[in-house]
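Work through the exercises below with the sequence and the structure side by side, and try each task before reading its solution.

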Amino acid sequence: MACAAARSPADQDRFICIYPAYLNNKKTIAEGRRIPISKAVENPTATEIQDVCAAVGLNVFLEKNKMYSREWNRDLQYRGRVRVQLRQEDGSLCLVQFPSRKSVMLYAAEMIPKLKTRTQKTGGGDQSLQQGEGSKKGKGKKKK
């Protein structure tokens, strides 16, 4: 324990870890969710968490090949972990608005749905559904 306390909070191995499962509203607490389901996001990715944290000014880096130990699905979508620096070398907070790991997780879950990649996906999905319905109607008419 003395070694861990002697290391600087600015060392990368002292950054906090955030796995996508912590913010996933499809997971139960037993499966690894760490925030309330009302504030959680549907299937967040490590890249999205990194984008949100970097945009607010936190020092972050992505470890793509790391996996959450409770994650049974080995797909690329569920891989990755984000390391975030909360404290500077002297022990003071990097950003006053993020005093704890939970505050970072809640902020990330709040901002991920507002990402451009998320808003564009929902718009594109509606159009493809409409086109699919139209082609089905056309096929029905041709049979008569």
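**Exercise 1.** Find the ring over which the charged end of R34 sits, and give the distance from its centre.

*Solution.* Bear in mind from the start that this is a predicted model. Begin at the side chain of R34 and follow it to its charged end, which sits over the ring of Y22, at 4.1 Å from the centre of that ring. Next, turn to Y22 itself, which belongs to a cluster that ring pairs build together with Y19 and Y68.

**Exercise 2.** Classify the ring pair of Y19 and Y68 as stacked, tilted or edge-to-face, and locate both residues in the chain.

*Solution.* A search of the whole structure finds five aromatic pairs. In the pair of Y19 and Y68, the ring centres are 5.0 Å apart and the planes stand at 40°, so the pair is tilted, since planes under 30 degrees apart count as stacked and those over 60 as edge-to-face. As for location, Y19 lies in the loop between β1 (16-18) and α2 (46-56), whereas Y68 lies in the loop between β2 (60-63) and β3 (81-84), so that the pair links distant parts of the chain, 49 residues apart. Finally, both Y19 and Y68 are buried.

**Exercise 3.** Describe the chain as a whole, taking its helices and strands, its buried share and its contacts in turn.

*Solution.* Count the elements to begin with: the chain has four helices and three strands, and these follow the pattern α-β-α-β-β-α-α along the sequence. Of its 144 residues, 31% count as buried, while the accessible surface comes to about 9500 Å², with 52% of it belonging to carbon and sulfur atoms. Lastly, among the contacts with a separation of 6 or more, 60% are between residues 24 or more positions apart.

Methods: Residues are numbered from 1 along each chain as its sequence is written. This is a predicted model: local features need pLDDT of at least 70, side-chain atom pairs count only at pLDDT 80 or more; totals for chains, interfaces and linings use all residues. Side-chain values use heavy atoms; hydrogens and water are left out. Helices (H or I, at least four residues) and strands (E, at least two) are DSSP runs, numbered from the N terminus. Buried means under 20% relative accessible area, exposed over 50%, partly exposed in between (1.4 Å probe, protein chains only). Contact means heavy atoms within 4.5 Å. Accessible areas come from the Shrake-Rupley method with a 1.4 Å probe; for residues, only the protein chains shown count as cover. Rings of Phe, Tyr and Trp (its six-membered ring) pair if their centres lie within 6.5 Å; planes under 30 degrees apart count as stacked, over 60 as edge-to-face and the rest as tilted. A charge sits over a ring if NZ of Lys or CZ of Arg is within 6 Å of the ring centre and within 35 degrees of the ring normal.
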